[in-house]
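Open your viewer and get ready to click along. We will begin with the whole chain, then select one piece after another.

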Amino acid sequence: NQRLIQDCLNQGIIAPVTRVVQDGTTQRSAGSRHQRFNQKRLTRRKEQLQAVIAAEERGEPLPADAPKCLPNTPSGRLEVLDRIEKAEKILHERLEENASRPKNNQLDPKRVTVSLSDPEAAMGRDKENVFGPIYNTQCLCDCNTSLIVAYCTEAQQSDVGTLLPMLDAGQAVLGHTIKYVGTDKTYCTILELK
């Protein structure tokens with residue numbers, strides 16, 4: 001993309017005084033929207049998995065109460081345990097971020113969740129109003145040519161906080177300051193406007 005934009009600048013296709021627009025969209029992750037885990041459920045699944053792995057290491061048969069959703073192979077169970085530990089870290093960060101909000105904006109901790117199949121994805125509603133793991137893709141386009149100057153995909157629900165990083169990325173590709181930007185109001189806080 002950067003090479004294409006540089007060629008367009010060299011040939012005069014993109015004007016030196018660049019006008020850009022930024023917009024984005026949310027997309028469903030490949031993770032399951034049906035398997036969301038809060039802290040209690042994730043801890044219970046980890047304990048069940050650790051019990052199965054410990055029994056296996058002692059040479060004992062699998063516990064009768066072992067969940068049916070666990071992988072059939074020892075390597076598969078270890079892989080899921082790694083994924084659970086990764087999901088725990090991300091969920092812990094989300095719980096801390098939720099606790100740092102003003103009381104009237106905090107979610108019930110039981111409603112703060114993570115997808116075990118794609119822990120990095122943010123949890124939110126996609127364009128079809130389906131709640132699950134999502135990503136937010138942003139594009140910064142030149143107004144005259146409709147060429148994409150910069151793009152990114154973030155694990156977040158909204159467009160807030162994406163304007164300045166996208167402008168920095170666009171200016172790095174173009175090699176000059178972007179003078180005019182068009183976006184909708186969801187991108188702009190007082191900081192971005194300044």
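**The whole chain**

Colour by secondary structure and follow the chain along its sequence: the pattern is α-β-β-α-α-β-β-β-β-α-β-α. That comes to five helices and seven strands, where helices (H or I, at least four residues) and strands (E, at least two) are DSSP runs numbered from the N terminus. What you have on screen is a predicted model, in which local features need pLDDT of at least 70 and side-chain atom pairs count only at pLDDT 80 or more, while totals for chains, interfaces and linings use all residues. Residues are numbered from 1 along each chain as its sequence is written, and side-chain values use heavy atoms, with hydrogens and water left out.

Now zoom out. Along the principal axes, the C-alpha atoms fill a box of roughly 70 × 40 × 25 Å.

Of the 194 residues, 35% are buried (buried means under 20% relative accessible area, exposed over 50%, partly exposed in between; 1.4 Å probe, protein chains only). Among contacts (heavy atoms within 4.5 Å) between residues at least 6 apart in sequence, 66% join residues at least 24 apart.

**Helix H3**

Select residues 74–100, which make up helix H3. H3 has 27 residues and reaches 39 Å from its first C-alpha to its last, close to the 39 Å expected at 1.5 Å a residue; the expected span is 1.5 Å times one less than the number of residues.

Which residues of H3 are buried? Show side chains and pick out Gly76, Arg77, Val80, Leu81, Ile84, Ala87, Ile90, Leu91, Arg94, Leu95 and Asn98. Their cover includes strand E2 (36–37), H2, E3 and E4.

For a contrast, click glutamate 93 in H3. At 52% relative accessibility, glutamate 93 counts as exposed.

Move along H3 to asparagine 98, which is buried at 4% relative accessibility. A polar atom of its side chain lies 2.8 Å from the backbone nitrogen of leucine 107. Leaving aside residues up to four places away in sequence, asparagine 98 touches Asn105, Gln106, Leu107 and Val112.

**Salt bridges**

Side chains of opposite charge can pair when their charged atoms come close. How many salt bridges does a search of the whole structure find? It finds eight, each being a side-chain nitrogen of Lys or Arg within 4 Å of a carboxyl oxygen of Asp or Glu.

Stay with H3 for two of them:

- Glutamate 56 pairs with arginine 77, the closest N and O atoms being 2.2 Å apart. Glutamate 56 lies in helix H2 (residues 39–57) and arginine 77 in helix H3, so the bridge ties together parts that are 21 residues apart in sequence. Arginine 77 is buried at 4%, whereas glutamate 56 is partly exposed at 27%.
- Lysine 86 pairs with glutamate 120, with 2.4 Å between the closest N and O atoms. Lysine 86 is in helix H3 and glutamate 120 in the loop between strand E3 (114–115) and E4, so this bridge ties together parts 34 residues apart in sequence. Lysine 86 is partly exposed at 42%, and glutamate 120 is partly exposed at 32%.

Then select aspartate 126 and arginine 28, whose closest N and O atoms are 2.3 Å apart in a salt bridge. This pair links distant parts of the chain, 98 residues apart: aspartate 126 sits in the loop between strand E4 (122–125) and strand E5 (131–142), and arginine 28 in strand E1 (residues 19–28). Aspartate 126 is buried at 8%, while arginine 28 is partly exposed at 45%.

**Two loop residues with positive phi**

Most residues other than glycine have a negative phi. Stay in the loop between E4 and E5 and click asparagine 129, whose phi is near 65°. Asparagine 129 is exposed, at 52% relative accessible area.

Your last stop is serine 146, in the loop between E5 and strand E6 (148–154). Phi of serine 146 is near 65°, again a positive value in a residue other than glycine, and serine 146 is exposed at 55%.

Conventions. Polar contact = N/O pair within 3.5 Å; in protein donor to acceptor, adjacent residues only side chain to side chain.
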